[in-house]
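Me: Could you go through this structure with me? I would like to start with the rings and then move on to the charges and the surface.

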Amino acid sequence: MNQYKTFAPVLPYLAIGAGLFWFNNAWAALVGFHIVILFTVWVLRPSLPVNTLFKSRSPKWIAASVLFCSTSGIGLYFLWPVFDVADDLPAQLLSMGLTLASWPWFIAYFSLINPFVEEYFWRGVLGNDMLNLYIGDVVFAGYHSMILWGRVRPIFILFAVMILVSAGWLWRQISREDGGLLAASLGHMAADFTILTTIYWISAL
């Protein structure tokens, strides 16, 4: 089992890469990402029950996670000029299937489904209770570099990945303290929703 867990992130990385650089389609990248994660979980057959996603010892962890992670989109909004985002980002997003009509559906699917899939996989199946930085935090953050490639300068990709490494570490600690994945999943949901809404708002202007 341990040897399989070592290679478990490979398929999700390949799915994101294929969706973005081969199919050039955001939906293909996202849905493919989820399909291969579910397949990988099925192969690993972890002992972690799925209902861990809905467990929390205290509402304070849920509130803290959601409130803190909700600032992600706000931070992106104010840092947008600093990140030197590509001028043709709206055209890039449109070419990837993110039209004005499909954006709300993409945001809804990404915000409602992705956090639970990712938290069960990265913090649950591949998680660790250690207090220090864990290689899984880096692996979780790393695939986002493919999403940002060609959209911001490399130095800001590195900065974003470092922030996401910190987010992965934080969600692990919240899950460890709270005895379940609900608080981390809802915080992840708040981050996804506010970030995507900000991108949609700015790119649609």
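This is a predicted model: local features need pLDDT of at least 70, side-chain atom pairs count only at pLDDT 80 or more; totals for chains, interfaces and linings use all residues.

Me: OK, rings then. How many aromatic pairs are there?

Reply: The count comes to 18 aromatic pairs. One of them joins phenylalanine 121 and tryptophan 122, whose ring centres are 4.9 Å apart with planes at 75°, so this pair is edge-to-face.

Me: And is tryptophan 122 buried or exposed?

Reply: Tryptophan 122 counts as buried because its relative accessibility is 4%, which is under the 20% cut-off. The ring of tryptophan 122 also pairs with that of phenylalanine 140, with centres 6.0 Å apart and planes at 65°, so this pair is edge-to-face as well.

Me: Which residues make up the ring cluster?

Reply: Ring pairs link Tyr13, Phe33, Phe121, Trp122, Phe140, Tyr143 and Trp171 into a cluster.

Me: What lies over the face of phenylalanine 140?

Reply: Arginine 123 does, at 4.2 Å from the ring centre. Arginine 123 also forms a salt bridge with glutamate 119, where the closest N and O atoms are 2.7 Å apart. These two residues are four apart in helix α7, which means that about one helical turn separates them, and both glutamate 119 and arginine 123 are buried.

Me: How many salt bridges does the structure hold?

Reply: The structure holds four salt bridges. Another one of them joins aspartate 137 to arginine 172, with the closest N and O atoms 2.8 Å apart. This pair connects helix α8 with helix α10 across 35 residues, and both partners are buried.

Me: What about aspartate 84, which residue does it pair with?

Reply: Aspartate 84 forms a salt bridge with arginine 153, and their closest N and O atoms are 3.2 Å apart. Aspartate 84 is in the loop between α5 and α6, while arginine 153 is in the loop between α9 and α10, so the pair ties together parts that are 69 residues apart in sequence. Aspartate 84 is partly exposed at 39% relative accessibility, and arginine 153 is partly exposed at 45%.

Me: Changing topic, which residues make the nonpolar surface patch?

Reply: Phe7, Val10, Leu11, Leu14, Phe39, Trp42 and Val43 make a nonpolar surface patch of about 710 Å². The elements giving two or more residues to this patch are α2 and α3. Valine 43, for instance, is found in helix α3 and counts as partly exposed at 40% relative accessibility.

Methods
Residues are numbered from 1 along each chain as its sequence is written. Side-chain values use heavy atoms; hydrogens and water are left out. Patches are made of residues with over 30% relative accessible area and no salt bridge: like charges are joined within 9 Å, nonpolar side chains (Val, Leu, Ile, Met, Phe, Trp, Tyr) within 5 Å. Accessible areas come from the Shrake-Rupley method with a 1.4 Å probe; for residues, only the protein chains shown count as cover. A salt bridge is a side-chain nitrogen of Lys or Arg within 4 Å of a carboxyl oxygen of Asp or Glu. Buried means under 20% relative accessible area, exposed over 50%, partly exposed in between (1.4 Å probe, protein chains only). Rings of Phe, Tyr and Trp (its six-membered ring) pair if their centres lie within 6.5 Å; planes under 30 degrees apart count as stacked, over 60 as edge-to-face and the rest as tilted. A charge sits over a ring if NZ of Lys or CZ of Arg is within 6 Å of the ring centre and within 35 degrees of the ring normal.
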